[in-house]
Amino acid sequence: MKGTAAWRWIVLAAICAAMPASMIAFHADAQSDFMRGDRMPYDAFDRLPKTDLEVPRGVIHVAFAPGDVTLPREKILDWIKTSARAVSTYYGRFPVASLKLLMVPVNGPRVRGGTTWGYRGAAIRVLIGRDASEDDLRRDWILVHEMVHLALPDMPERHNWLSEGLAVYIEPIARVQAGDMAAHEIWQAMMRDMPKGLPEAGDRGLDNTDTWGRKYWGGAMFCLLADIEIRKTTNNRLGLRDAMRGVIAAGGSHEQDWPIERVLATADKATGADVLTRLHNEMGAKPVTPDLAGLWRDLGLGLRGEALEFDDGAPLAAIRKAITEARPG
C-alpha cells in the first residue's frame, strides 16, 4: 500500500480545516489507530457514527473511518448486506449476534484487505479502496472470507490452517448458495489452486507447517475432504456446513477461545460422525498427499481446454451438487 500514508495526511488536512480545533486531536489519533495492523481500534470505533444493519439473528454496526470513497455509502451498505446474506445462507444464521464493522478508506480500487478480531466482541476491519467500483464489490471475496472467521472460536496459532482453510473453502460455496456466483467458478478454482496446499519436502503436517500454501489451501483441502467424507458417511444428508452449524449452536464463535479438539468434537457431534477428529489425527501431525486428480474425476470434474465440464454420472457427482446447494436454517 505505497502512498497510503501520504494520502492519509492529505485527507486529514482537509478534514481538520473544516472542524473545530478541539476535534482535530481526536481525528488524528483515531486515523492512526484505524490504520494499525495489529489490533482493532475498539475505542475509536465506538466514537464514530454508526449505521445498523439487521441480519438473521444479529446486527452489524457499520462505521466509516475518516476519508472519502467514490461510491455512494448506500452501495457499500448494500454490498455488506449481500456478504452477510451469503454467510447467513451457509450457516443458517449470522455467526454472531453483534458485529462491529469498520470501513477504512485507502488509496486505490477494490477491497484491499480485511482482519477479524473477537477479544472485545466480534469485529472486522476492511480496507476499502476509495476508487472501488460497484463491479469491484460484486467480485469481492474478502468480506465474506472475514465473516466466515466469525463462526469459528479462536484457537492457538498452530491451528490457523483450520481458520483460514474454512474461510477459503466456505466463502465461495456460501456465495454460490446465495446466488452470487456460479458453481463452475469455484470448482474450477479448486482444481487450479488446491495443489498449492499439498505437502512439500520437510512438511510436518498441518499443525506444524506454517507456510502460506499449507495454511490456506492445505486447510481448504482438509475441509473439502471432510465435507466429502461426512456426506459419504451420512448418505449425503449432512455435510461440513451441518458440522459447523453445530459449533455455532453450541456457543462457538470468534468471541470464544476453544482448543481445536473441542471445535472438532463439537462439529462431529452435530453430524453423528467422527470425521473431523479422525481427519485431524491423520493430517495434523504428518504430511498426507491426497490423490487430487482422482478426486476431481470422482466428483465429475473435467477440463476441456480451459473450460470446466461436469460429469453427472461420476461416483461423487451427487455429493458435488449437494455441497453447493442452499439449505434452509
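Two strands pair if DSSP finds at least two bridges between them. The views below come from a predicted model.

**View 1. Strands β6 and β7 form a hairpin.** β6 covers residues 301-304 and β7 covers residues 307-310. The two strands run antiparallel and are joined by four bridges. L303 has its bridge partner, L308, in β7. Two residues lie between the strands. G305, in the turn, has a positive phi of about 70°.

**View 2. Strands β4 and β5 pair in the antiparallel sense.** Six bridges connect β4 (residues 111-117) with β5 (residues 123-129). T115 is bridged to R125 in β5. This hairpin has five residues between its strands. Here G121 takes a positive phi near 100°.

**View 3. Y42 and Y119 form an aromatic pair.** The structure holds four aromatic pairs. In this one the ring centres are 5.1 Å apart and the planes stand at 75°, so the pair is edge-to-face.

**View 4. W161 and F222 form an edge-to-face pair.** Their rings are 4.9 Å apart, centre to centre, with 70° between the planes. W161 sits in helix α7 (residues 160-177) and F222 in helix α9 (residues 212-233). The two residues are 61 residues apart in the chain. W161 and F222 are both buried.

**View 5. Arginines lie over aromatic rings at R262 and R320.** R262 lies over the face of W258, 3.8 Å from the ring centre. R320 places its charged end over the ring of F310, at 4.2 Å from the centre.

**View 6. The largest pocket holds about 550 Å³ of space.** Its lining comprises 26 residues. T116, D154, S163, E164 and H254 lie nearest the centre. Two or more lining residues come from each of β4, α6 (142-149), α7 and α9. β4 gives the largest share, five residues. By class, the lining has eight nonpolar, 11 polar and seven charged residues.

**View 7. The second largest pocket has a volume of about 430 Å³.** It is lined by 18 residues, with E171, P172, A189, D193 and W217 closest to its centre. α7, α8 (183-193) and α9 each give two or more residues to this lining. The largest share, six residues, comes from α8. The lining divides into 11 nonpolar, one polar and six charged residues.

Key. Residues numbered from 1 in each chain as written. Predicted model: local features only at pLDDT ≥ 70, side-chain atom pairs only at ≥ 80, totals over all residues. Heavy atoms only, no water. Phe/Tyr/Trp six-rings, centres within 6.5 Å; stacked < 30°, edge-to-face > 60°. Buried < 20%, exposed > 50% of the residue type's maximum accessible area, 1.4 Å probe, protein only. Lys NZ or Arg CZ within 6 Å of the ring centre and 35° of its normal. 1 Å grid on protein atoms, 1.4 Å probe; cavity = no way out; pocket = protein on both sides within 12 Å on 5 of 7 lines; lining within 4 Å. Points joined across faces, edges and corners; volume = space filled by probe spheres on them. Nonpolar A, V, L, I, M, F, W, Y, C, P; charged D, E, K, R; others polar.
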